[in-house]
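Subject: Structure handover

Hello,

Here is the structure for you to look through. My notes follow below it.

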Amino acid sequence: MPLDVEARPATEGVDVSRHRESVEIATGVHWIGALDPTLRTFDIILRTANGTTYNAYAIRGSQGVAIVDTVKIEFSSEFFARLETVARYDEIRAIVLNHLEPDHTGALPELMRRAPQARLYVSTRATSMLKALLKPKEEERRFVYTTVGTGDEISLGERTLRFLHTPFLHWPDTQCTYLVEQQVLFSGDVFGCHYCDSRLFNDRVGEFRFSFDYYYAHIMRPFKQHVMDALKLIEPLSIKMVAPAHGPILRDRPRRYITHYRELSTSSLAGAICNKEKTLIIFYMSSYGNTARMAEAVCAGAEERGGVRVSLYDLEGGEIEPFVDLIEEADALAFGSPTINGDAVKPVWDLLSSLAVVNLKGKIGAAFGSYGWSGEAVRMIEDRMRGLKMRIPISGLRVKLIPTDEELEACRDFGCRLSDALSGGKNEPAVIDFADLA
Amino acid sequence: MPKAKITFEDVEQTVNVPAGTRIIEVSEKIGAGIIYGCREGDCGTCMMHVTEGWNNLTEPSVLEEKILRENMASRHDRLACQAQILGNCKVKPA
Ligand SMILES: Cc1cc2nc3c(=O)[nH]c(=O)nc-3n(C[C@H](O)[C@H](O)[C@H](O)COP(=O)(O)O)c2cc1C
Ligand SMILES: [Fe+2]
Ligand SMILES: [Fe+2]
């Protein structure tokens, strides 16, 4: 029998900052989360201008109650107060954790104490993290949990929770949980944002589009490929409501946010650049023009080969953010830096330390530069790129002070080899020797 | 020293390595898509699928067996931080 999701008994003029009760967001489905309006920095990497919410949910069926996620530990009392308005602890059969990060599992140990009969449901990737999180002492190693994957279900009677395995969004153990009969997707951090508004629902709260995009850009962007995989599971579902773990509950046209995730995860430049062509971006910085001349020669050499689209950028003339966008799309990156006081120059490091939001794994890297006597820059840049999990198939090129014609020829050759490494490699797997990798 | 070839199917790259090399040491350097957590066989993050040459890796330890079980490993899954390469094989992220 289809249940009515439309019933919104308590939604007219909701203001959860004025009480500690639950809010019924669909029949039998209750928000039991907490508001954190004063939070300004989250996980070090994120800022929020008006705090966040930790959304937790209780779902009641004829055969017991399921809790989906909890809250950050400091907000436990608010969570338990709201929970107690919808269920007794002995009614709780299932505790579903969509991922184990402390902002959603802070109240878990206490909840397990109060509802010892409840079984935990976590993703197949969560086991070892769960143990690290709960640190059970030998004598109490008896907590029960079940690992679940895509398609697994638990029945609460007339309500069924079905799991979707959506790893790396943004933790390895991330999953989403779908309330089948009412088509509500409990999506965890996915489709969430740090935006605190006591009116709870996307059609009631203030303007949160910026926060939604910002959250995606900092939390989900490094995992675009995983987002696409997850969307393959989510998009075919009928969805009346998306209930994320942070920010507004998306009940008004929830599909828009799903579509928006696909747009955000799809390369914006892909259409503009021929698919078969590989892309190489050369960034450089130069005080007297020596490294600049090297960069031009590397560029010319790389272009000579054809099949590789090469771009040349002087770091002095650009901002970090658009460069990060370019890097995300590129197949190879080359950095040219002189050595100044035993180091590469700061704009290079600024860029190389701004890449945590993009996936660099497997991209090809290269470094070159002019130097005066010690020339450390090239090797340091290579090490950094290796640290970022890039491959360095062609070892760096240094020129002492002003490049001669011969040295410029070597730069040109360096560009050619880089281009070959880029257009080769695929299709026919070339064998490389382990000794050449380090 | 005996050598072996390991192919990382996701990046289509084959590497010639000395026998006994741990897969983690190679996959990180070439940037294959295997992801690492603890690096000591405890977290299961680096689970990968062996598509060919299953028998050309060192046997999983008791600990690795346990972690594989806990992480619902399928038949030819191994932990890249534990498995050492003895002969030719092909792997991809699990
Ligand atoms: C303030 C300053 C510090 C420098 N420090 C070093 C150094 O520590 N090691 C080195 O090899 N060269 C050093 N150099 C020399 C430059 O690397 C060299 O002049 C190079 O050719 C500059 O290249 P560019 O024209 O591309 O900037 C230094 C130069 C300046 C102006
Ligand atoms: Fe999270
Ligand atoms: Fe979160």
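Two strands pair if DSSP finds at least two bridges between them. Helices (H or I, at least four residues) and strands (E, at least two) are DSSP runs, numbered from the N terminus. With that in hand, one pair can be read off: Tyr178(A) stands opposite Leu185(A), which lies in strand 15 of chain A.

Some ground rules. This is a predicted model, in which local features need pLDDT of at least 70 and side-chain atom pairs count only at pLDDT 80 or more, while totals for chains, interfaces and linings use all residues. Residues are numbered from 1 along each chain as its sequence is written, chains are lettered from A and ligands numbered from 1 in the order in which they are written, and side-chain values use heavy atoms, with hydrogens and water left out.

The sheets of chain A

Strand 14 (residues 175–179) and strand 15 (residues 184–188) of chain A are antiparallel and share 3 bridges. They belong to an open sheet of 5 strands in chain A, in the order 12-13-14-15-16, with mixed pairing. Strand 12 (153–155) and strand 16 (241–244) of chain A each have a single partner strand, so one side of each is left without a neighbour in the sheet. On average, neighbouring strands here are turned by 20 degrees against each other, direction ignored. (Axes are lines fitted to C-alpha atoms, for helices over the stretch in contact, and angles run from 0 to 180 degrees between N-to-C directions.)

Another open sheet of chain A has 5 strands in the order 18-17-19-20-21, and its pairing is parallel. Its edges are strand 18 (308–314) and strand 21 (397–400) of chain A; each has a single partner strand, so one side of each has no neighbour in the sheet. The twist from one strand to the next averages 15 degrees. Strand 17 (residues 278–284) of chain A is joined to strand 18 of chain A by 7 bridges, and Lys278(A) stands opposite Val308(A).

Helix 9 (residues 320–329) of chain A lies across strands 17, 18 and 19 of chain A, at about 145 degrees to strand 17. Helix 12 (residues 405–423) of chain A lies across strands 17, 18, 19, 20 and 21 of chain A, and runs at about 170 degrees to strand 20.

Ser286(A) is in the loop between strand 17 and helix 8 (290–304) of chain A. Its side chain reaches the backbone nitrogen of Asn290(A) at 3.3 Å and that of Ala292(A) at 3.3 Å.

Where the chains meet

How many residues does each chain give to the contact? Chain B gives 28 residues and chain A gives 24 residues, contact meaning heavy atoms within 4.5 Å. Together the two chains bury about 2200 Å², 53% of it on carbon and sulfur atoms. Buried area is the accessible area (1.4 Å probe) that two parts lose on being put together, summed over both. In chain B, Glu12(B), Lys29(B) and Glu70(B) lose the most area to chain A, together 25% of what that side buries.

The interface has 2 salt bridges, a salt bridge being a side-chain nitrogen of Lys or Arg within 4 Å of a carboxyl oxygen of Asp or Glu. One of them joins Asp433(A) and Lys3(B), with the closest N and O atoms 3.5 Å apart.

Strand 22 (residues 431–433) of chain A runs parallel to strand 2 of chain B, with 3 bridges between them. In this pair Val431(A) stands opposite Thr14(B).

Regards

Technical notes: A polar contact is a pair of N or O atoms within 3.5 Å; within protein, one must be able to donate a hydrogen and the other to accept it, and residues adjacent in sequence count only if both atoms are side-chain atoms.
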